[in-house]
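Subject: Structure for your review

Dear colleague,

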Amino acid sequence: MPSLLEISPDKLARLIGTPKSPALIDVRIDEDFNADPRLVPGSVRRDYREVQLWRDELYGRSAVVICHRGKKLSYGVAAWLRQAGVSADVLEGGFESWAKAGHPAVPASSLPERDGQGRTVWVTRTRPKIDRIACPWLIRRFVDPNAVFLFVSPSEVETVAERFNATPFDIDAPVRWSHRGEHCTFDVMVQEFGLATEPLLRLATIVRAADTARLDLAPQAPGLLAASLGLSRMYADDNEQLEAGLPLYDAFYRWCRDATDETHNWPSPKKGA
């Protein structure tokens, strides 16, 4: 049972993927990280020795600090963060406990290079509909909460990717992050980021059905398609559309995780029946 200032892996797992997830800070030393080079979804590696240099970035937020076993490093960093006005907890048992509990972990090798501000940068085609909103949602919620997304003309995606050190996705070219056979880009990211949990696999089926016009794959797909096309008509700016679309996927994810068994019947049963 977690002590004061600790959060259990199971409780943290319920927060990850939601808009209320705390900032996740991985402070494992290189030796421990290299022994298992994976990350708690959404976490960012930081040097514990430089906590006084980066702690102010988290002012006013909540955070969970992750080290190898949830001992001195995470407790020390959490104390420095609280001293700077950050509500900071320690992951009970550290990354070792997270992994033993069977929670998903993102392979560091799957992450693109970060920019000078520690963000991953992605580029895709303009006028997103489904896959190009679903993938940024997945990245922001489970991979890099600070990720930047660039929307450019289809013919310019690869050049922009090269010149601005951005990672291309969901384009008609042989790149890592795009459709593979019958699977859409969202499917590929769920698998390669180590996020193949039951709720995300269920959501992936809905996204694939809506994105590839196979609406028979999931009864929820027509609703996602209609909402996505409606958003594309509401916003001329792709970044504004992305921000408006994130809550849509938040809702679908929470349904996939928590509410698939809930039904509403009509007409309502008569009293006394």
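This is a predicted model: local features need pLDDT of at least 70, side-chain atom pairs count only at pLDDT 80 or more; totals for chains, interfaces and linings use all residues.

Helix α6 and its two partners

Two packed helices are described by the angle between their axes and the distance between the axes. Helix α6 spans residues 131–142 and packs against helix α9, residues 198–211, at an angle of about 160 degrees, with 10 Å between the axes. Helix α6 is therefore roughly antiparallel to α9, and the crossing of the two is left-handed. On the α6 side the contact is made by D131, A134, W137, L138 and F142, and on the α9 side by L200, L203, V207 and D211. Seven of these contact residues are nonpolar and two are charged, with no polar residue present.

Helix α6 also packs against helix α11 (residues 238–259), here at about 75 degrees and with the axes 9 Å apart. This angle makes α6 roughly perpendicular to α11. From α6, the residues I133, A134, P136, W137, R140, R141 and F142 take part; they meet Q241, L242, E243, G245, L246, Y249, D250 and Y253 of α11. This contact comprises nine nonpolar, two polar and four charged residues.

Helix α8

Helix α8 covers residues 185–192, and six of its eight residues are buried, so the helix is largely enclosed by the rest of the structure. The buried residues are T185, F186, D187, V188, M189 and V190. They pack against strand β8 (121–125) and against helices α6 and α9. After α8 comes G194, which has a positive phi, near 70 degrees.

Cysteines

How many disulfides does the structure hold? There are zero. A disulfide is a covalent bond between the sulfur atoms of two cysteines, and the cut-off applied here is 2.5 Å between those atoms. For C184, the closest cysteine sulfur belongs to C135 and lies 6.7 Å away, which is too far for a bond. For C256, the closest cysteine sulfur is that of C184, at 13 Å, again too far for a bond. Both cysteines count as buried: C184 has a relative accessibility of 0%, and C256 has one of 1%.

With kind regards

Technical notes
Residues are numbered from 1 along each chain as its sequence is written. Side-chain values use heavy atoms; hydrogens and water are left out. Axes are lines fitted to C-alpha atoms, for helices over the stretch in contact, and angles run from 0 to 180 degrees between N-to-C directions. Helices (H or I, at least four residues) and strands (E, at least two) are DSSP runs, numbered from the N terminus. Angles under 35 degrees count as roughly parallel, over 145 as roughly antiparallel, 65 to 115 as roughly perpendicular and the rest as oblique. A crossing is left-handed if the near helix is turned anticlockwise from the far one by less than a right angle, and right-handed if clockwise. Contact means heavy atoms within 4.5 Å. Ala, Val, Leu, Ile, Met, Phe, Trp, Tyr, Cys and Pro count as nonpolar, Asp, Glu, Lys and Arg as charged, and the others, Gly among them, as polar. Buried means under 20% relative accessible area, exposed over 50%, partly exposed in between (1.4 Å probe, protein chains only).
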